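Colleague: I have a model open and would like to go through it with you. Could you take my questions as they come?
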Amino acid sequence: MSSAHPITENDASKPNQLDVVIIGAGFSGLLALYEMRQLGLRARVLEAGTGVGGVWFWNRYPGARCDVESVDYSFATWPELDQEWTWSERFSTQPEIEKYLNFVADKYDLRPDIQLETKVTSAHFDEAENRWAVGTEAGEAFSATYVIAATGMLSEPNWPDIKGRDVFKGRIEHTARWPKDPVDLSGDVAVIGAGSSGIQAIPIIAELARSLVVFQRTPNYAVPADNALIPDDVMREIKASYPKRRQAVRDTYFGNMMDVNEQSALEVSEEEREQAFLARWNEGSFNVLLSFRDLLFDPEANKTFADFLERKIREKVKDPQIADELVPRGYPAGAKRMCVDSGYFETFNRDNVTLVSMTKEPIVEITETGIRTDGREFEVDTIVFATGFDAFTGALSRIDIRGRDGLTLNEKWKDGPSAYLGLTVSGFPNLFIPTGPGSPSLLSNVVHSAEQHVHWLTECIRYLGENGYNYIEPSQEAEDEWMALVDEIANATLYTKAHSYYMGENIPGKPRMFMAYLGGVKPYREHTEGIAEQGYPTFTLRSAGETELVGSR
Ligand code: NA7
């Protein structure tokens with residue numbers, strides 16, 4: 001597939017002079033490396049971790065697993081990989097996903113161009129040179145025409161500012177930075193946070209620990225995963241029809257095989273509604289969210305859904321007072337990220353588990369021996385922060401990114417992130433941000449969306465090369481229009497009615513805005529492909545002259 005491209009002169013004495021620097025070795029980064037090589041470009045992945053996997057490298061806490069079905073939460077790029085790899089469970093565990101990504105790295109011989117333990121700290125665009133200067137924590141310097149910031153939207157852990165964290169004499173871990181060596185959870189354990197990570201970890205920690213105390217700020221809606229091993233014959237059938245399945249997923253709303261019931265929740269009888277919810281509930285995972293078309297649009301329809309979910313919590317939790325604490329209130333069901341659980345609510349029936357509702361009993365401080373609330377003191381050996389991420393912008397904001405005229409990305413995004421198509425940024429030429437803010441990203445099957453972005457940017461870089469260009473930057477006008485559309489679509493839904501990380505609200509001081517495109521992966525793909533087909537009319541394309549057209553490597 002090699003073709004003539006403006007690539008960096010291949011000078012063996014300058015190994016860090018590249019065509020493309022890719023930051024991060026998760027799903028996006030690995031695929032981007034493969035694709036850049038297919039274009040004949042010299043690319044290197046710089047990855048902070050000691051292994052590949054991105055979010056699936058770092059999030060190795062007990063119970064970590066995906067909650068989109070593995071057969072869809074995987075690369076569609078390589079039909080041969082679909083046949084070769086066999087998922088064991090409907091929702092695979094972190095070790096299996098990490099193994100898969102390592103398998104991909106080996107199968108496509110990606111490792112020679114992946115530099116581990118390399119934390120990128122700066123990326124400055126030099127307009128005269130038409131190159132990005134990329135710096136690392138260890139002081140290494142790289143130079144590249146293009147930067148693909150495959151840093152992930154859930155990669156920078158949120159460490160809330162709770163007084164006394166540094167005085168605690170026991171062990172503190174964060175779900176998003178869980179160590180590779182085993183963590184002894186047999187003693188008294190506290191978990192702070194009850195989002196997806198907490199909800200996955202808590203049932204398992206409860207079984208391991210002598211005692212577990214869960215500090216919950218906002219109760220979350222959770223639906224059962226209904227996880228199971230995938231029987232051999234089912235996997236055979238999936239493999240036989242994989243090409244069709246992969247194709248079908250492209251035309252869905254969320255990028256997975258779930259379909260929306262086009263009825264309104266309000267147009268059916270109460271009994272029919274209950275049956276519809278139950279049928280989807282029994283299918284497991286997010287299916288129940290799509291029981292009716294208007295659950296995330298109409299407050300009244302949403303109320304029927306919230307009531308159903310509340311009944312389910314009360315069925316599972318024996319103590320009505322504890323159930324009461326676990327029932328979410330004050331925001332539409334599904335407007336915060338729905339969690340997918342395996343025995344979460346039932347965990348609160350155990351004698352060794354205590355729930356502390358932080359709205360009533362806030363944490364005052366962490367002490368040398370545990371956690372003190374304004375009413376009690378809990379002595380623990382281990383504190384687990386399951387407090388999530390500085391989502392969408394956290395990883396990028398910690399890199400000193402400077403575009404044209406020295407403009408920093410943090411300055412540009414001080415009122416909230418703005419990215420044309422959620423992938424490129426005006427003022428920051430030749431920078432691509434797979435699954436970036438303003439794209440379907442975390443509001444879709446993120447692996448599907450990562451792949452779509454990487455394929456799109458690969459076609460874009462190919463087009464540039466084939467037409468003698470090496471500079472691309474979206475217009476500010478197009479970017480503004482795009483972000484207005486993202487906002488308009490979000491405001492037509494109930495997503496903006498909850499305090500959530502989608503809105504930046506889990507991080508004090510972060511601008512409040514909905515950070516994903518909610519129009520669905522199919523319209524998004526069609527729109528972005530249309531722009532490519534028209535020759536990128538909303539971008540400035542040019543040749544910066546400096547890099548020579550020297551052909552493929
Ligand atoms: P989430 O979903 O952001 O959950 C974090 C949890 O931590 C949530 O319950 C938060 O409560 C809680 N939290 C955050 N800050 C605090 C403070 N200061 N005090 C107490 N509790 C706090 O992150 P996860 O890691 O669980 O899941 C992230 C994604 O990973 C998930 O959506 C999937 O895509 C996989 P809050 O709700 O903010 O009141």
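Colleague: Where does R337 lie?
Modeller: R337 lies in the loop between helix 10 (320-326) and strand 11 (339-341). Helices (H or I, at least four residues) and strands (E, at least two) are DSSP runs, numbered from the N terminus. This is a predicted model, in which local features need pLDDT of at least 70 and side-chain atom pairs count only at pLDDT 80 or more, while totals for chains, interfaces and linings use all residues. Residues are numbered from 1 along each chain as its sequence is written, and side-chain values use heavy atoms, with hydrogens and water left out.

Colleague: Which residues does R337 touch?
Modeller: Not counting residues up to four places away in sequence, R337 touches D67, S196, N220, F286, Y501 and Y502. Contact here means heavy atoms within 4.5 Å.

Colleague: What about G343, where is that?
Modeller: G343 is in the loop between strand 11 and helix 11 (344-347). G343 counts as partly exposed, at 29% relative accessibility.

Colleague: Changing topic: how is the chain divided into domains?
Modeller: The domain assignment gives domain 1 (17-156 + 391-543) and domain 2 (157-220 + 337-388). Those bounds come from an automatic or database domain assignment.

Colleague: How many residues are in contact across domain 1 and domain 2?
Modeller: On the domain 1 side, 17 residues are in contact with 17 residues of domain 2. The C-alpha centres of domain 1 and domain 2 lie 31 Å apart.

Colleague: Let us look at I162. What does I162 touch?
Modeller: Leaving aside residues up to four places away in sequence, I162 touches I192, I363, I366 and F385. I162 is found in the loop between strand 6 (141-149) and strand 7 (171-174), and I162 is buried, with a relative accessible area of 14%.

Colleague: How far apart are I162 and V364?
Modeller: In space, I162 and V364 are 7.8 Å apart, C-alpha to C-alpha, and in sequence they are 202 residues apart.

Colleague: Which neighbours does W85 have?
Modeller: W85 touches E96, K99, Y100, F103, M235 and K239, again not counting residues up to four places away in sequence. W85 lies in the loop between helix 3 (79-84) and helix 4 (94-107). W85 is buried, at a relative accessible area of 10%.

Colleague: I would also like to check the backbone. What is phi of E117?
Modeller: Phi of E117 is near 50°, a positive value in a residue other than glycine. Most residues other than glycine have a negative phi. E117 is in the loop between strand 3 (114-115) and strand 4 (120-126), and E117 is exposed, with a relative accessible area of 61%.

Colleague: And phi of F392, what is that?
Modeller: F392 has a positive phi of about 70° although it is not a glycine. F392 is found in the loop between strand 16 (382-385) and helix 12 (394-397). F392 is buried, with a relative accessible area of 1%.

Colleague: Finally, the whole chain. How many helices and strands are there?
Modeller: The protein chain has 16 helices and 20 strands. Its radius of gyration is 24 Å, close to the 24 Å that the globule rule gives for 553 residues, so the chain is as compact as a globular protein of that length. The radius is taken over C-alpha atoms, and the globule rule is 2.2 Å times the number of residues to the power 0.38.

Colleague: What share of the residues counts as buried?
Modeller: Of the 553 residues, 61% count as buried. Among contacts between residues at least 6 apart in sequence, 72% join residues at least 24 apart. The C-alpha trace spans about 70 × 55 × 45 Å along its principal axes.

Technical notes. Buried means under 20% relative accessible area, exposed over 50%, partly exposed in between (1.4 Å probe, protein chains only).
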